[in-house]
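Here is a friendly briefing to read alongside the model. Take a moment with the sequence and the fold, then follow the points below.

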Amino acid sequence: MRILQEAQALTLRLLAGREAQTEPFVFSVYCLTEPVPGGRLLYHTLTKELLFLEDGEEQADYLRRRFFLIEEGTDERAAARDLRSTLQFLSRSRLQGYTRYTILPTTDCNARCFYCYEAGCEKLNMTAAAADRTARFILDSCASGELTLRFFGGEPLMGAASLDRICEALAENGKTYHSNIVTNGYLFTPERIRKAAALWHLKRAQITLDGTEEVYNARKDFVEDHDGAFRRVLDNIEGLLQAGIAVTVRLNMDEVNLPDLKTLAGQLAQRFGGYANFTVYPFLLFQDILSPSREKVERLFGLYREFRAELTEAGLLKPGKLPETLRLNHCMADDPASAVILPDGRLHACEHFTEGLFCGTVDAPAPKSATEAYWTEEFSEDDACAACPLYPDCFRMKNCPDRADRCIPQQREAEIEKLRIRMRAAYDRAVNGRPADDRLANDRTATPDRKEPDTP
Ligand code: SF4
Ligand code: SF4
């Protein structure tokens, strides 16, 4: 037997004494098994331990002590819920301030995508004074250590001057930080890329591509440019990669555009396949996932899984890393260490901010805990939860404006498949010594929840 990934130490300490004692023992619902050459892999979705057992090897006592084998009839969901609550409590009691800030320097955009949820939203732009007050708020409310800044919009590059101002103030005050951005990429220039690397400490850009040149230009319908946008964005992707900034391309797929996206994927592989920090993933649009037609949803997820496999085969989609710790929140909205700052200085929990539920302003912040009850409200459990290996990391958030009101079986299967792929990737790394840069994980969710766009 080989331990390929250790269990989360704190989890093991908290579960101590709950090991199965009385036979018959059965495998935990949270144990995923995957055959590999010469044996099998076992991954425990609650403890996060990954094992390799050779053919014929049993290791029953170890598996019992590590909760892979449990007593028949154990209420595993109750144990998982208890564990999560305790870990959340411990994590919150150590909280000193925010460590993650999502900054919207504008809600305006230079593209006009038909599917944009922000179409019709009020267009707000951050003024220089609001940027200064934002920087002051960050300095006053942050925890010690390096901060993560996330630039979102609208199109955040339309508010680049505000982002410069905020970062200059943080740097002048000796605060360490790095950033990532969700952008259409059009407004990058060589100078802006240099500044993004040097001043924003930009580590990753997420850029959505909707199709090959003609399709893209028509779907994005940029205000400034109808015909040259695709080429410009691709050049900017290259500029970012050359500056050492990782690029994650999201392909918004539906049944109609899939053939075109496959052509695009071929073009991307040819041009950017040699960059280790370039990744691509497909994304199903929310309105399609929520289609009332069961057949359509099944068909879509079938196509999605096939496309993922093709992108993986082409080396464009990196499998990402298996979770090593239990997930303690759904997203920024219920993460007590995360704040969202709007262009006018109002604070919110969710970057797709809905009217109301503001947490004060950068000048007069209100405690985020005031909205906690709203963001932590969950749907009642689905019948399938009892037998679902995703349960320990699953949040059935009721009030996310971007979430299905039901658990979609095909989506669940796709997420379990992602874990299996990651198990095999971890095995490849450990056994075949294949170097893998896990920072390139472009595909980090392990439960069928809708998350921030750069954590598909
Ligand atoms: S993925 Fe679905 S079935 Fe599984 S735990 Fe979450 S809500 Fe339940
Ligand atoms: S996942 Fe939902 S609740 Fe969380 S930030 Fe995104 S839209 Fe808001």
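V280 touches V249, L251, A265, L268, L311, L316 and L317, leaving out residues up to four places away in sequence; contact here means C-beta atoms, placed from the backbone, within 7 Å of each other. This is a predicted model, in which local features need pLDDT of at least 70 and side-chain atom pairs count only at pLDDT 80 or more, while totals for chains, interfaces and linings use all residues. Residues are numbered from 1 along each chain as its sequence is written, and chains are lettered from A and ligands numbered from 1 in the order in which they are written.

**Nonpolar cores**

- V280, together with V247 and I341, touches the most other members of the largest nonpolar core, which has 85 residues.
- A nonpolar core is a set of buried Ala, Val, Leu, Ile, Met, Phe, Trp, Tyr and Cys residues joined through C-beta atoms within 7 Å.
- Buried means that 20 or more other C-beta atoms lie within 10 Å of a residue's own, exposed means 12 or fewer, and partly exposed is in between; C-beta atoms are placed from the backbone.
- Helix α8 (residues 229-242) gives the largest share of this core, seven residues.
- Another core lies apart from it and has 24 residues, including L41, L42, F67 and L83.

**The open sheet**

- Eight strands make up an open sheet with mixed pairing, in the order β12-β11-β10-β9-β8-β7-β13-β14.
- Helices (H or I, at least four residues) and strands (E, at least two) are DSSP runs numbered from the N terminus, and two strands pair if DSSP finds at least two bridges between them.
- At the edges are β12 (278-284) and β14 (347-348), each pairing on one side only.
- Strand β11 (residues 246-253) runs parallel to β12, and seven bridges join them; R250 has Y281 in β12 as its bridge partner.
- Strand β9 (residues 177-183) pairs with β10 in the parallel sense over five bridges, and T183 stands opposite I207 in β10.
- Strand β10 (residues 202-209) is largely enclosed by the rest of the structure, because seven of its eight residues are buried.

- L251 sits in strand β11 and counts as buried because it has 24 C-beta neighbours inside 10 Å.
- Beyond its neighbours within four places in sequence, L251 is in contact with L209, L261, V280, P282 and F283.
- L251 and I416 are 165 residues apart in sequence, and their C-alpha atoms are 21 Å apart.
- E214 belongs to helix α7 (residues 213-220) and is exposed, with 11 other C-beta atoms within 10 Å.

**Two domains**

- The chain is divided into domain 1 (2-79) and domain 2 (95-456), with bounds from an automatic or database domain assignment.
- Their centres, taken over C-alpha atoms, are 33 Å apart.
- Across the boundary, 18 residues of domain 1 are in contact with 20 residues of domain 2.
- On the side of domain 1 that touches domain 2, two or more residues come from each of β1 (2-5), β3 (31-36), β4 (39-44) and β5 (50-54).

**Around ligand 1**

- Of the 12 residues around ligand 1, A384, C385, C388, C394 and C407 come nearest; a residue counts as near a molecule or strand if its C-beta atom, placed from the backbone, lies within 6 Å of it.

Conventions:
Two residues are in contact if their C-beta atoms, placed from the backbone, lie within 7 Å.
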